[in-house]
Amino acid sequence: MSDDSAPKGVNDLVAGGRYRLLERIGSGATGTVWRAHDDLLDREVAVKQPRLPGGPGDEDRRRAAHRLHHEARAAALVDHPSAVAILDVVEEDGQPEAAGDGPPWIVMELIRGESLHETLTRGPLDPAEAARVGLAVLGALRAAHAVGIVHREVKPANVLLGPDGRVGLTGFGLAHTPDPPAAALPGSPDFAAPERRAGRDAGPASDLWSLGALLRTAVADTGPLDPLVRRLLSPDPDGRPDPAQAAAELEAVVAASRARLELESR
């Protein structure tokens with residue numbers, strides 16, 4: 001229960017009886033993200049309101065909602081410092097659909113900062129910083145793959161950069177849902193692996209292709225990242241490096257940059 005001192009929300013809209021929506025902080029093909037106040041624990045969180053096909057009572061919508069409920073809860077098993085944590089899965093109070101048939105609202109930790117997409121509007125990253133970001137994203141992906149979750153939406157808009165240097169990969173609550181037709185892929189197709197664009201199943205290697213596309217986009221010149229990026233972007237999933245190989249190469253780029261800075265500071 002909230003009291004009179006609780007923050008005023010957007011038209012007093014409350015999800016799950018406790019998450020009071022305060023302001024919209026992002027919107028895309030897969031849904032809308034709100035900054036919200038958790039009235040029970042008195043903390044701020046992020047709440048994603050997924051966008052599903054059809055209308056109330058539509059069978060396709062009902063199936064999509066049920067699948068999303070299941071997969072959002074499965075995604076909550078992803079445990080890594082660079083994976084934005086899913087805290088709860090609820091339904092909006094007053095949902096017109098029958099219980100369990102409405103879209104789940106996905107409650108996540110709130111990372112203050114900006115997305116990599118927003119950062120890149122001011123200019124590219126240097127290769128060492130891109131490698132650091134890529135290494136964090138790769139760590140979150142490895143944790144997801146270990147519990148059977150394929151992200152499918154690795155792109156700059158889903159990479160959050162905190163003021164303390166933290167990198168957070170979000171979007172796990174919508175991971176591993178069935179792919180739409182290639183012509184209707186959500187978001188930018190620039191970050192969708194060739195097999196996804198061709199309408200084939202996406203697996204962990206598809207996320208690695210998307211990581212390669214993200215690294216290529218983040219820098220003006222791939223430089224020391226070039227050999228890895230080329231292999232990550234192989235059209236053949238079997239031709240891409242495994243996550244351990246990719247991590248070792250990214251770590252080498254970060255270490256080389258640190259060593260160079262240490263020499264220059266002497």
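The chain has seven helices and nine strands; helices (H or I, at least four residues) and strands (E, at least two) are DSSP runs, numbered from the N terminus. Of its 266 residues, 47% are buried, where buried means under 20% relative accessible area, exposed over 50%, and partly exposed in between (1.4 Å probe, protein chains only).

Residues are numbered from 1 along each chain as its sequence is written. Local features need pLDDT of at least 70 and side-chain atom pairs count only at pLDDT 80 or more, while totals for chains, interfaces and linings use all residues; side-chain values use heavy atoms, with hydrogens and water left out.

**How confident is the model?**

- The predictor's confidence in each residue is called pLDDT and goes from 0 to 100; its mean over the chain is 85, and 85% of the residues reach 70 or more.
- Over residues 94-100 pLDDT stays under 50, and the model has 12 contacts beyond four places in sequence for them; contact means heavy atoms within 4.5 Å.
- Residues 176-186 also have pLDDT under 50 throughout, with 26 contacts beyond four places in sequence.
- Where pLDDT is low, the predicted coordinates should not be read in detail.

- The unreviewed UniProt entry places a "binding site" feature at Lys48; UniProt positions are given in the numbering used here, feature names are shortened, and annotations may be inferred rather than shown by experiment.
- Lysine 48 sits in strand β4 (residues 43-50) and counts as buried because its relative accessible area is 12%.
- Strands β4 and β6 run antiparallel and are joined by four bridges, with isoleucine 106 in β6 as the bridge partner of lysine 48.
- Strand β5 (residues 86-90) also pairs with β6 in the antiparallel sense over four bridges, and here valine 89 stands opposite isoleucine 106.
- Four of the five residues in strand β6 (residues 105-109) are buried.

**The open sheet**

- Three strands form an open sheet in the order β7-β8-β9, with antiparallel pairing.
- Its edge strands, β7 (114-115) and β9 (167-169), each pair on one side only.
- Two bridges join β7 to strand β8 (residues 159-161), and serine 115 has leucine 160 in β8 as its bridge partner.

**The nonpolar cores**

- A nonpolar core is a set of buried Ala, Val, Leu, Ile, Met, Phe, Trp, Tyr and Cys residues joined through side-chain atoms within 4.5 Å.
- The largest one has 53 residues, and Leu116, Val133, Val137, Val159, Phe172 and Leu225 touch the most other members.
- Helix α3 (residues 127-146) gives the most to this core, with 10 residues.
- A second, separate core of 10 residues includes Tyr19, Trp34, Val47 and Trp105.
- Leaving aside neighbours within four places in sequence, the contacts of valine 159 include Leu116, Val133 and Val137.

**A glycine in a loop**

- Glycine 203 lies in the loop between α4 (194-197) and α5 (204-218), and this glycine counts as partly exposed because its relative accessibility is 21%.
- Although glycine 203 and arginine 152 are 51 residues apart along the chain, 8.3 Å separates their C-alpha atoms.

Notes:
Two strands pair if DSSP finds at least two bridges between them.
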